[in-house]
Amino acid sequence: MTREKATPLMTQYREIKSRHQNAILFFRMGDFYEMFYEDAELASRALGLTLTSRNNGAAAQVPLAGVPVRAAGEYVRRLVQQGHRVAICEQVEDPKFAKGIVRREVTEVVTPGAAYTEDLLDGGRNNFLCAVQVASGLAAIAAVDISTGEFRLITVQQEDGNAALSRLTPREIILCVDHLEAQTLCRGLDVLITERPGWEFENANASQVLLEQFGLRSVDELGVGAGDALAAGAAGGLLRYLRELQPGGLPHLGRPTIERPGGVMPLDDMTRRNLELVESLHGGDRSGTLLSVLDRTKTPMGARLLRQWILSPLTNLRAISARLDAVGALARDPLARGALLTALDGVRDIERLAGKTATGRASPRDVRALGDSLRRLPEVETALRRVVVAGALETLLQQWDACADHATAICRALVERPPVSIGEGDTIAPGVDPALDELRGVARGGKDAIALLQAAERARTGITSLKVGYNKVFGYFIEVTNASSHLVPADYQRRQTLTGAERYVTPALKEFEEKVLHATERIEALERQFFEALRSATGMAIARLQVVSGILAAIDVFAALAEVALREGYVRPEVSDDFALDIIAGRHPVVERMMARDQFIPNDVHLATDARMIILTGPNMAGKSTILRQIGLIVLMAQMGSFVPAASARVGITDRVFTRVGASDNLVRGQSTFMVEMSETSAILHTATARSLVLLDEIGRGTSTWDGVSIAWAVSEHLHERTGCKTVFATHYQELTQLADEFVSVRNYNVEVKEVGERILFLHRLQRGAADRSYGIEVGRLAGLPQPVIARARVLLKLLEGEQLVAGLAGRPMLSKQPGGSDQLALFTTGVPHPAIVRLRQIDADRTTPLEALALLAELVTEANREPSA
Ligand code: ADP
Ligand code: MG
């Protein structure tokens with residue numbers, strides 16, 4: 001490749017670009033950001049910009065694309081949303097005073113995980129940038145939301161790493177290149193992944209950057225202990241990266257909150273989705289989710305916190321009770337709650353506004369919004385103190401600090417509706433500074449004087465259409481139409497000719513102009529100075545602002561939960577460390593909202609040590625999945641500190657809730673492979689404990705009936721015998737109801753349906769016992785299957801019902817239409833076992849690797865499907 005001779009500008013460009021290879025460089029040139037080479041090509045494709053080229057002094061043509069500075073925000077947003085990084089390179093000295101080429105520096109790199117601007121953020125959720133590491137069975141996550149200043153260090157068991165990470169829904173993840181096995185944690189996440197060098201994750205470096213960030217001498221002061229070393233290492237990598245993105249630093253970063261294994265329930269991805277906690281199965285938006293039902297928060301901080309709480313239910317009885325006490329206190333006092341909700345209503349996103357203020361990004365309008373929000377806090381406090389404060393509310397009120405000094409300072413200094421940028425209208429309020437007020441008087445007086453001058457000139461010249469105007473190039477001028485040009489006096493100096501008019505100036509006019517323009521300039525400078533001083537003084541209080549915004553978020557969530565509880569008729573669950581789960585008249589919080597009031601049929605559920613497994617049968621559409629999910633939701637709601645949709649509920653704390661939906665029902669991944677279903681089930685069998693709640697919906701469905709029944713049976717057996725956890729298994733395999741005969745703690749339930757003539761009525765009512773027959777054919781009829789097909793299905797069903805299907809699971813019933821035309825059921829229950837069974841017996845499961853097991857499974861399936869030789 002021939003290197004063209006570079007101009008000094010392109011040398012500067014290359015030098016800067018070499019330090020930002022993985023970003024698109026927005027290179028400031030006057031009123032434009034220019035992109036060169038590959039960046040230009042990429043941006044022109046991504047943004048639909050015209051690609052031009054620039055003659056680089058010598059012969060070479062450099063591909064070039066540019067965007068105007070005032071529209072840059074929108075372009076940056078689009079690039080970042082497409083997953084790119086954008087490095088903003090500014091001119092850092094005034095071109096007027098530059099010797100040679102203007103100095104330029106990258107002032108910020110915007111990435112999906114490191115964004116401040118509102119159009120890249122969602123008020124209702126955090127925008128986390130995470131660094132992850134795994135080692136010796138543990139997974140560590142360091143997470144920073146630079147828009148709020150939140151900083152979390154999380155350590156979990158390695159198998160829970162993916163769940164913990166996906167709960168944060170990061171936009172960007174940083175991995176250490178030397179330990180890429182941490183990639184497994186990112187499974188199923190749609191994020192930008194950035195690899196960083198190994199030394200950044202080493203403990204010495206990590207401690208160093210943490211100390212520098214918080215100005216400390218020992219990391220002990222952060223509460224980082226020996227057990228947090230892995231998370232601290234991740235924080236090291238994360239903070240180093242952020243330093244590159246934000247050369248201006250992160251003055252608003254809060255001290256890390258440290259989460260260690262055991263504090264919150266590690267909800268896995270499948271469970272989170274199947275229960276539709278924060279995103280729906282179809283499309284992933286909020287509607288139809290638990291979040292959409294519970295979210296009556298008034299502030300964005302509250303909305304974000306609620307989302308976090310839903311995704312991390314607690315497992316500690318005291319912590320859960322403290323939250324329930326707080327919700328209870330607010331639920332009991334509708335008047336105080338109403339006052340509280342009103343007070344919270346005008347409170348804006350204090351957390352993000354404070355973050356912008358501390359990093360010098362807040363506009364006058366932002367700072368005023370922060371001040372106005374803070375000004376509402378005494379009202380919030382008054383409303384709150386009227387409640388009989390209990391539980392978590394008490395702790396919150398002890399730390400209450402409304403930052404009244406800052407509220408007053410801001411509201412005193414700024415006008416009520418300041419502009420987005422200085423100079424576009426008054427920013428600083430009158431009375432703040434006498435010099436400023438005086439200048440304003442001059443500016444205004446100058447304008448008045450010009451009006452007077454216009455009147456005087458009209459009178460003197462007799463030109464009634466004479467106008468005094470202003471434009472940027474010529475300043476103030478007197479405009480006279482051509483019709484009156486003969487009346488123009490001698491002292492008018494011509495400046496500009498238009499079609500139909502001439503523009504003049506006079507010495508008096510220029511004198512006024514001087515005064516006015518000078519004053520305007522001074523005003524702007526003074527306003528900027530005052531505003532920046534105010535902003536930085538407010539920014540210094542970032543720690544206090546973050547505390548109060550955290551308190552407000554929690555109060556907002558408690559008030560929202562109390563509000564929902566009352567409106568929807570929820571009750572306080574009795575949470576305990578016992579095993580049992582007892583729900584009287586429980587409802588599904590989301591499904592019940594989709595129907596008219598009282599249309600939803602409530603159901604009781606009882607799970608205890610001696611009745612820990614429920615086999616739930618019933619036809620399609622009976623309501624099995626709904627009950628299953630409602631049990632999971634009630635438990636999760638109770639453990640996050642919410643009231644629950646039931647007449648009463650006793651909830652023994654679970655360490656985990658697992659939900660699995662069989663392949664054909666599994667809309668989640670759009671891939672209904674049996675393999676996925678099995679690997680998910682296997683994850684439960686490996687991790688569930690006696691304290692877990694396992695909800696299985698049609699597991700085993702992704703394969704042939706007999707495989708399916710066998711697997712479902714074996715899984716149930718394992719959960720009942722080995723794990724001993726609470727289990728609810730919804731299935732249309734009638735065969736599974738026989739589990740109750742074999743195992744003492746298995747109970748059969750079914751969802752009642754009634755036959756009315758030839759039709760069936762879904763009562764959605766849970767009752768003891770197995771469902772007596774399959775209504776599948778009725779459903780098929782309702783769905784409009786042709787009459788002959790229905791008739792034939794009925795005949796076949798009769799035949800099947802005549803046989804003992806589970807006589808021996810080794811047997812393989814074959815349904816075939818015999819050549820003679822008569823229907824006959826051929827059951828291969830001869831004394832000779834099926835060849836597949838023989839193979840199975842030869843397998844030594846303990847010495848089979850997962851890969852071999854897969855191959856074997858495939859072989860067995862082929863074997864089993866082979867036509868039996870006559
Ligand atoms: P299954 O899993 O047995 O096929 P679903 O749980 O999917 O059935 O329920 C089918 C439909 O029945 C739901 O979409 C809902 O509209 C209705 N339904 C379920 N449970 C109830 C209930 N308890 N009360 C009223 N309607 C219900
Ligand atoms: Mg179902």
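1. Let's start with Arg103, which is partly exposed at a relative accessible area of 44%. In this note, buried means under 20% relative accessible area, exposed means over 50%, and partly exposed is what lies in between (1.4 Å probe, protein chains only). The side chain of Arg103 meets that of Glu105 in a salt bridge, with N to O at 3.4 Å. A salt bridge here is a side-chain nitrogen of Lys or Arg within 4 Å of a carboxyl oxygen of Asp or Glu. Glu105 also counts as partly exposed, at 41% relative accessibility. As background, side chains of opposite charge can pair when their charged atoms come close.

2. A word on the ground rules. This is a predicted model, where local features need pLDDT of at least 70, side-chain atom pairs count only at pLDDT 80 or more, and totals for chains, interfaces and linings use all residues, while side-chain values use heavy atoms, with hydrogens and water left out. Residues are numbered from 1 along each chain as its sequence is written, and chains are lettered from A and ligands numbered from 1 in the order in which they are written.

3. Now the whole chain. There are 27 helices and 28 strands; these are DSSP runs numbered from the N terminus, with H or I for at least four residues making a helix and E for at least two making a strand. The C-alpha trace spans about 125 × 75 × 65 Å along its principal axes. Of the 870 residues, 52% are buried. Among contacts (heavy atoms within 4.5 Å) with a separation of 6 or more, 67% come from residues 24 or more positions apart.

4. Back to salt bridges, of which the structure holds 43. Arg656 pairs with Asp160, the closest N and O atoms lying 2.6 Å apart. This pair links distant parts of the chain, 496 residues apart: Arg656 sits in the loop between β21 (648-652) and β22 (657-661), and Asp160 in the loop between β9 (150-157) and α4 (161-168). Arg656 is buried at 9% relative accessible area, and Asp160 counts as buried at 8%.

5. Another pair worth a look is Glu351 with Arg304, whose closest N and O atoms are 2.7 Å apart. Glu351 lies in helix α12 (350-358) and Arg304 in helix α9 (300-311), so the bridge ties together parts 47 residues apart in sequence. Both Glu351 and Arg304 are buried. Elsewhere, Asp269, Arg272, Arg273 and Glu279 are linked in a network of salt bridges.

6. The chain exposes about 39,900 Å², and carbon and sulfur atoms supply 52% of that; the areas come from the Shrake-Rupley method with a 1.4 Å probe, and for residues only the protein chains shown count as cover. A patch, below, is made of residues with over 30% relative accessible area and no salt bridge, joining like charges within 9 Å and nonpolar side chains (Val, Leu, Ile, Met, Phe, Trp, Tyr) within 5 Å.

7. Met675, Leu851, Leu854, Leu857 and Val861 make a nonpolar surface patch of about 440 Å². Helix α27 (850-865) gives the most to this patch, with four residues. Met675 lies in helix α21 (674-687) and counts as partly exposed at 42% relative accessibility.

8. There is a negative patch too, where Glu717, Glu721, Asp741 and Glu742 gather on the surface. Both α22 (705-723) and α23 (739-742) supply at least two of its residues each. Glu721, in helix α22, is partly exposed at 49%. For charges, Lys and Arg count as positive, Asp and Glu as negative, and His and the chain ends are not counted; a charge is placed at NZ of Lys, CZ of Arg, CG of Asp or CD of Glu. Over the chain, the mean positions of the 98 positive and 106 negative charges are 4 Å apart.

9. Lastly, Arg255, in the loop between α6 (229-245) and β12 (257-259), counts as partly exposed at 46% relative accessibility. Leaving aside neighbours within four places in sequence, Arg255 is in contact with Phe151, Phe214, Leu216, Glu221 and Leu222. Arg255 and Phe214 are 41 residues apart in sequence and 7.5 Å apart in space, C-alpha to C-alpha.
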